[in-house]
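Subject: Structure handover

Hello,

Please find the structure below. My notes on it follow.

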Amino acid sequence: MAKQAAQEGGIKIIATNRKARYDYIVLDTYEAGIVLQGTEVKSLRNGRANLVDSYAGIYKGEVFLYNLHISPYEHGSHFNHDPTRTRKLLMPRDELRKLTGRIVERGFTLVPLKLYFKRGRAKVELALVRGKKQHDRRQTIAERDARRDAEREMKARF
């Protein structure tokens, strides 16, 4: 699901993972750079990315992003990239150490929330998450519906 890139305070958003906030409880967020190949950058600039089934993991002291789908560049040649290849993420070492401890000890997961360009560099917003139970999801839906009803009532009064 390629999203139209939007400007937001010097940040050009490429794709968001809206389902992640529904499926998980977000505990903390981190920003990481992505190691990309040439045609991947051009494809991202066209807004051709999908975060839906992607997740991040730590392997040998480095963070990797799995299942991020970046569509092949239309005007590329036979040197185009594999759309769902594993991509390395760049994070400060001390941040990575803290993150590793929290993931291993408590069993949390890393999920990408947003993919964007910041000062010309591709970045991903990672969230440290815990899975929601079915009753948590129902509560989220109920809160959202209540908020919509309240907004509707306020709009009708004025």
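First, a term: a residue is buried under 20% relative accessible area, exposed over 50%, and partly exposed in between (1.4 Å probe, protein chains only). A second one: helices (H or I, at least four residues) and strands (E, at least two) are DSSP runs, numbered from the N terminus. With those in hand, take strand S9 (109–118). Seven of its ten residues are buried, so S9 is largely enclosed by the rest of the structure.

Ground rules. This is a predicted model: local features need pLDDT of at least 70, side-chain atom pairs count only at pLDDT 80 or more, and totals for chains, interfaces and linings use all residues. Residues are numbered from 1 along each chain as its sequence is written, and side-chain values use heavy atoms, with hydrogens and water left out.

Confidence

pLDDT is the predictor's confidence in each residue, from 0 to 100. The protein has a mean pLDDT of 84. A value of 70 or more is reached by 94% of its residues. Strand S8 has the highest confidence, at 92. Strand S1 (residues 6–8) has the lowest, at a mean of 53. Over residues 1–5, pLDDT stays under 50. The model still has 13 contacts for residues 1–5 beyond four places in sequence. Contact here means heavy atoms within 4.5 Å. Where pLDDT is low, the predicted coordinates should not be read in detail.

Strands around S9

Two strands pair if DSSP finds at least two bridges between them. S9 pairs with S2 in the antiparallel sense, over five bridges. Ile 11 has Lys 118 of S9 as its bridge partner. S9 also runs antiparallel to S10, and nine bridges join them. S9 and S10 form a hairpin, with two residues between them. Arg 119 sits in that turn and has a positive phi of about 55°.

The cores

A nonpolar core is a set of buried Ala, Val, Leu, Ile, Met, Phe, Trp, Tyr and Cys residues joined through side-chain atoms within 4.5 Å. The largest one has 25 residues. Leu 44, Val 63, Leu 89, Leu 115 and Leu 126 have the most contacts inside it. At least two residues of this core come from each of these elements: S2 (11–16), S3 (24–34), S6 (62–66), helix H3 (93–106), S9 and S10 (121–131). S10 gives the most, with four residues. A second, separate core has five residues, including Ala 20, Val 111, Ala 127 and Val 129.

Look at Leu 89 in particular.

Salt bridges

A salt bridge is a side-chain nitrogen of Lys or Arg within 4 Å of a carboxyl oxygen of Asp or Glu. A search of the whole structure finds eight.

- Lys 19 and Asp 23: their side chains meet at 3.7 Å, N to O. The two are four residues apart in helix H1 (residues 18–23), and so about one helical turn separates them. Lys 19 is exposed at 51% relative accessibility, whereas Asp 23 is buried at 16%.
- Arg 102 and Asp 28: the closest N and O atoms are 3.4 Å apart. This pair links distant parts of the chain, H3 and S3, 74 residues apart. Arg 102 is partly exposed at 25%, and Asp 28 is partly exposed at 29%.
- Glu 62 and Lys 88: their side chains meet at 3.0 Å, N to O. This pair also links distant parts, S6 and S8 (residues 87–90), 26 residues apart. Glu 62 is partly exposed at 32%, and Lys 88 is partly exposed at 31%.
- Glu 40, Arg 85 and Arg 87: a network of salt bridges links them.

H3 has 14 residues and reaches 20 Å from its first C-alpha to its last. That is close to the expected 20 Å, where the expected span is 1.5 Å times one less than the number of residues. Just after H3, Gly 107 takes a positive phi of about 75°.

Where is Ser 71 placed? It lies in the loop between strand S7 (69–70) and S8. Ser 71 is buried, with a relative accessible area of 13%. Ser 71 touches Ser 43, Arg 48 and His 81, not counting residues up to four places away in sequence.

Best wishes
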